[in-house]
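Biologist: Could you take me through this model, starting with the overall fold and then the ring packing?

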Amino acid sequence: MENITLRSYQQRLLDYVKQHPQQSTYHFIAPPGSGKTILGLAIFEELKRKTLILVPALLLREQWIATTKSFFNIHISIDLLVPGQITIATYQTLYLQLQEDPDFLLRKGIEFLILDEAHHLKKNWGEVVLSLKNSAPSLKSLSLTATSPLDSTQREWKSYLKLNGPIDEEISATELIDKKVLTPYQDFVYFIEADSQGKNSYSSFLAKQDQIIDRLLTDEESVGIISKHPYITNPLQHTTAIYEDFDFYVAMLLFLDRNGFRISASHWRVLGFKRKWHLPDVSPEQVKLLYQWLLSTYPELEIFAFLKKVHWLKEEGLSLYPDFPEGRLLESPQEKIAAINRIIIKEEMYLEEDLCGVVLFDRICEEALDFPENPNYYGTVPQFLSLQTLIQEKTELGMICGRFIIMSEKVVKKYFPRANFHKLTEVPGYLRLKLTDANRREFLQKVTFLLDQKILNCLIGTIALLGEGWNCPSVNTLVLGNKSSSIVQVQQLRGRALRSANNKSLSHLWHLGVYVPEVSWKEQPELSPIMRRLSFIEGISNQQIPDTITSGQARFNFPNEPTKENLENYNQQNFFFAQQRSLLTKFWEESLSKGTHLSMPIIVRQEATSSEFQSKKEQYSELANTRLSFWGALFQGDFLLYLRQQRTRYLWKKECGLRSVFAKSLLSTYQEQQKLSKNISLYIDFNEDQFTVRIKNGTYQEERFFNEALMELLEPVQDTRYLVEINNRYFAVPKDLARNKEAANSFLREIKRKQRNCRLVYTRNLLGRQKLLQARIQALQQRNHKIVQEHLWY
């Protein structure tokens, strides 16, 4: 490229475009600081097409314009009606233009779309851009985003991929840290006990929900109707329909079984079992399926009047098993303000004048200036009012939102000498500056400069102003006081503290989580989604000497049980580690030296005997969760427990051996079909708790391709054209190999080299559907392990 010099990781993505000219969509993941703008312009230069660049915000539009002008002497337009060789516009502008002129893209000769921050297209403007692309079949597109919306619903994810195409390449944050582009970081979670109002509200919610669920599971009218369904009364006469409607049939059986209904021999024949099996309990999803059918068939049932009364039936339909309403627990405003105070005071003590902190909020709560004693306010103003009474005199604190700035009188008079301001009578020594359309950009740049130079040590601000597109490289402490709604937003905001800067060795990223004491991890209404989002982020382990850089929840070393004592101890341990910045930096350096790139291993973990997912009264005793030695078992009088544990270990080891066979056979099959290169090998490892497999020497695309197929094989059977049967157990042949019998048989031959007692089952005939039913029943019973794909620096 004559005009643009690329870094190695940017060049890798450009090379992908060169090597795949036939693609109509390119989809790249690149974190903040990776140079997405430079990359997009390099691809523009390579393709030499008339281009429309779309961005979600005016600030990003200005960044694209400035960068484009620095590399090209061409016509750059911001007017969709008068496009240049490059036209840069917001998604909102495009939407308005398409309302007036749906075919303008073709008439204006646009040939290439660059979709910046493409995660916004999950909902907001996705349908608009998709219709635009459909109207111009020859149009190429490039989707750039810092993170894909991994925590989306299945429907949202499918819509996102339909527009952007599958992910083609990814630049990881770890790779950028290794190249000294980003700064090493440590994520901390600070746990906050819910206030009494939140705890009482959640307790009432659970009690009410239990009552409603009990009514759903035991409703006599519903039981009576379902027990008279033809699938139940005459299953052998409806086998074809049952095999086509398997989920509904099984839901009815499990529902009736729970209500004492005797499963007759004819049902076991339909299921293909020669003997009776212990059936699992009916799941919430199956209850939803049954009541959806009942509502469409018997809407007059009394249960539906009841569900309407308790707001589980609304105009748009059933809303069974609703989540705890967002915001009712998340408030705990005074507790969260106090937690942020503790975090900033600790960081101030550790860093002193080197502190460069940012605290982000969704709201301003300007009314707190007039009513500072109101305990329900939570936002930038109440946090400022509280924190300014606690910081050291030498620490400069500021607050900024879209309407005004608050800073010390000393800073304002020195750096804003001509600005209009007025004193805050309620906060001596601080002044308030009004922001207008005329001065907002200038004042924001000046505040950013003051923070970057550490003239200002801590800035409290709104996400609307300091979120996406705002950069201050010196930030070394970030507290997310907002309500993060998705992994996309979490990653975007984390990026505010990851830029590399002189004399900056590490950034601390603090997340807040409100908890309810004595409630299991799984049932924590706020912690569960927060922990899931954090599991997508790679980093070094927390509160222990790290082995490597990895993603996943395990790296945070959360306590086994979310008791008040455990979580308060965890907070104090986090403060201890936060003090060890030089040690954490050393851990990063050592971990980076162990690898060259981020791989994506498939990991199968045994579910803890529910210590992580059940309340105390539902768990085994502490002894049952302890691995006993032979002599220890004899001494403690628990020899039967020892034998059970030994059998569990034997079965787990046997399972891991079978998984190894599947992984090796899958790789051999794809290599034989030339879908994966011959130089790829496998790394397989397992211990008493975890099985890990990853490919070595493969490209990003090859690794994703292999992982998707292996996940299909290892996960519980859903629906597939072919099954592999081994000792009366069933496994789904990956869709890519199940398209035809020849491909499926080639996979079976590879398995037989290592596991002779196996055969292929075609599921699209009567006997095969019966086998598929058995596989699905087995899948319902096998819930003792979890399969995930994580990131690992290797």
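This is a predicted model: local features need pLDDT of at least 70, side-chain atom pairs count only at pLDDT 80 or more; totals for chains, interfaces and linings use all residues.

Biologist: How many helices and strands are in the protein chain?

Modeller: The protein chain has 31 helices and 27 strands. These are DSSP runs numbered from the N terminus, with helices being H or I of at least four residues and strands E of at least two. The radius of gyration is 29 Å, close to the 28 Å that the globule rule gives for 794 residues, so the chain is as compact as a globular protein of that length. That radius is taken over C-alpha atoms, and the rule is 2.2 Å times the number of residues to the power 0.38.

Biologist: What does the C-alpha trace span along its principal axes?

Modeller: The span is about 90 × 65 × 60 Å. Of the 794 residues, 55% count as buried, where buried means under 20% relative accessible area, exposed over 50%, and partly exposed in between (1.4 Å probe, protein chains only).

Biologist: Turning to rings, how many aromatic pairs does a search of the whole structure find?

Modeller: The search finds 30 aromatic pairs. Rings of Phe, Tyr and Trp (its six-membered ring) pair if their centres lie within 6.5 Å; planes under 30 degrees apart count as stacked, over 60 as edge-to-face and the rest as tilted. Phe-44 and Phe-72 have ring centres 5.5 Å apart and planes at 85 degrees, so this pair is edge-to-face.

Biologist: Why does the pair of Phe-44 and Phe-72 tie together parts that are apart in sequence?

Modeller: Phe-44 lies in helix α2 (residues 36-47) and Phe-72 in the loop between α3 (58-71) and β3 (76-77), so the pair ties together parts that are 28 residues apart in sequence. Both Phe-44 and Phe-72 are buried. Phe-205 and Phe-324 also form an edge-to-face pair, at 5.1 Å centre to centre with 70 degrees between the planes. Phe-205 is in helix α9 (residues 196-218) and Phe-324 in the loop between β10 (317-318) and α17 (333-351), 119 residues apart.

Biologist: Are Phe-205 and Phe-324 buried or exposed?

Modeller: Phe-205 is buried at 15% relative accessible area, and Phe-324 is buried at 10%.

Biologist: Which charged end sits over the ring of Phe-404?

Modeller: That of Arg-432, 4.1 Å from the ring centre. The charged end of Lys-346 sits over the ring of Phe-575, 5.5 Å from its centre. The criterion is NZ of Lys or CZ of Arg within 6 Å of the ring centre and within 35 degrees of the ring normal.

Biologist: A change of topic: where is Val-604 found?

Modeller: Val-604 is in strand β20 (residues 602-606) and is buried, with a relative accessible area of 0%. Leaving aside neighbours within four places in sequence, its contacts (heavy atoms within 4.5 Å) include Trp-652, Phe-691, Leu-714 and Ile-787.

Biologist: And how many residues of helix α22 are buried?

Modeller: Seven of the eight residues of α22 (residues 487-494) are buried, among them Ile-487, Val-490 and Arg-494. Their cover includes β8 (185-193), β11 (357-361) and α23 (527-534).

Terms used:
Residues are numbered from 1 along each chain as its sequence is written. Side-chain values use heavy atoms; hydrogens and water are left out.
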